[in-house]
Amino acid sequence: MDGLRVNEHVAIPLAEIELKFSRSEYEAIRRDTNVFTDVAAARSSFPTRMDGRPAVGMFVSGNFFDLLGVTAARGRTLSEADDENGGRAVVVLSHQGWE
């Protein structure tokens, strides 16, 4: 199986593998790994609408964008503080979603 290298991390196409972990399992993998520099979590995409237009959303962990080396053109991306229970909901929009 060929993966894509992104900032020294390996991304495996979701079509090739499907793994499901609980939050505690994800946290244990992230804490105990000595293979990767970090691990992020993502939950499958879901259809939604923005201003009446079809859109696709995705739930990701607070370190998702940092791990990929992605920054925001405006505002901010997610942070690990956004993973805390009871925190405020945060949305990161793509440029296309912003227009």
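This is a predicted model: local features need pLDDT of at least 70, side-chain atom pairs count only at pLDDT 80 or more; totals for chains, interfaces and linings use all residues.
Good morning. The protein contains three helices and four strands, where helices (H or I, at least four residues) and strands (E, at least two) are DSSP runs numbered from the N terminus. Along the sequence these elements follow the pattern β-β-α-β-β-α-α.

Residues are numbered from 1 along each chain as its sequence is written, and side-chain values use heavy atoms, with hydrogens and water left out.

Of the 99 residues, 14% count as buried; buried means under 20% relative accessible area, exposed means over 50%, and partly exposed lies in between, with a 1.4 Å probe and protein chains only. The protein exposes about 8400 Å², of which carbon and sulfur atoms supply 53%. These areas come from the Shrake-Rupley method with a 1.4 Å probe, and for residues only the protein chains shown count as cover. As for contacts (heavy atoms within 4.5 Å), among those between residues at least 6 apart in sequence, 29% join residues at least 24 apart.

Next, the hairpin. Strand β3, residues 42-50, and strand β4, residues 53-60, run antiparallel and are joined by seven bridges; two strands pair if DSSP finds at least two bridges between them.

Which loop holds Ala 41? Ala 41 is found in the loop between α1, residues 23-32, and β3. Leaving aside neighbours within four places in sequence, Ala 41 is in contact with Tyr 26, Phe 59, Val 60, Ser 61 and Phe 64. Tyr 26 is 15 residues from Ala 41 in sequence, and the C-alpha to C-alpha distance between the two is 7.3 Å. With a relative accessible area of 25%, Ala 41 is partly exposed.

I come now to the charged side chains. How many salt bridges does the count give? The count comes to five, a salt bridge being a side-chain nitrogen of Lys or Arg within 4 Å of a carboxyl oxygen of Asp or Glu.

One of them joins the side chains of Arg 23 and Glu 27, at 3.0 Å from N to O. Both residues lie in helix α1, four residues apart, or about one turn of the helix. Arg 23 counts as partly exposed at 45% relative accessibility, and Glu 27 counts as partly exposed at 36%.

Another salt bridge brings together the side chains of Arg 30 and Asp 38, at 2.7 Å from N to O. Arg 30 is partly exposed, with 22% relative accessibility, and Asp 38 is partly exposed, also with 22%. Arg 30 forms a salt bridge with Glu 80 too, the closest N and O atoms being 3.0 Å apart. This pair links distant parts of the chain, since Arg 30 belongs to helix α1 and Glu 80 to the loop between α2 (64-68) and α3 (95-98), 50 residues apart. Glu 80 is itself partly exposed, with a relative accessible area of 45%. Through shared partners, the salt bridges join Arg 30, Asp 38 and Glu 80 into one network.

Thank you for your attention.
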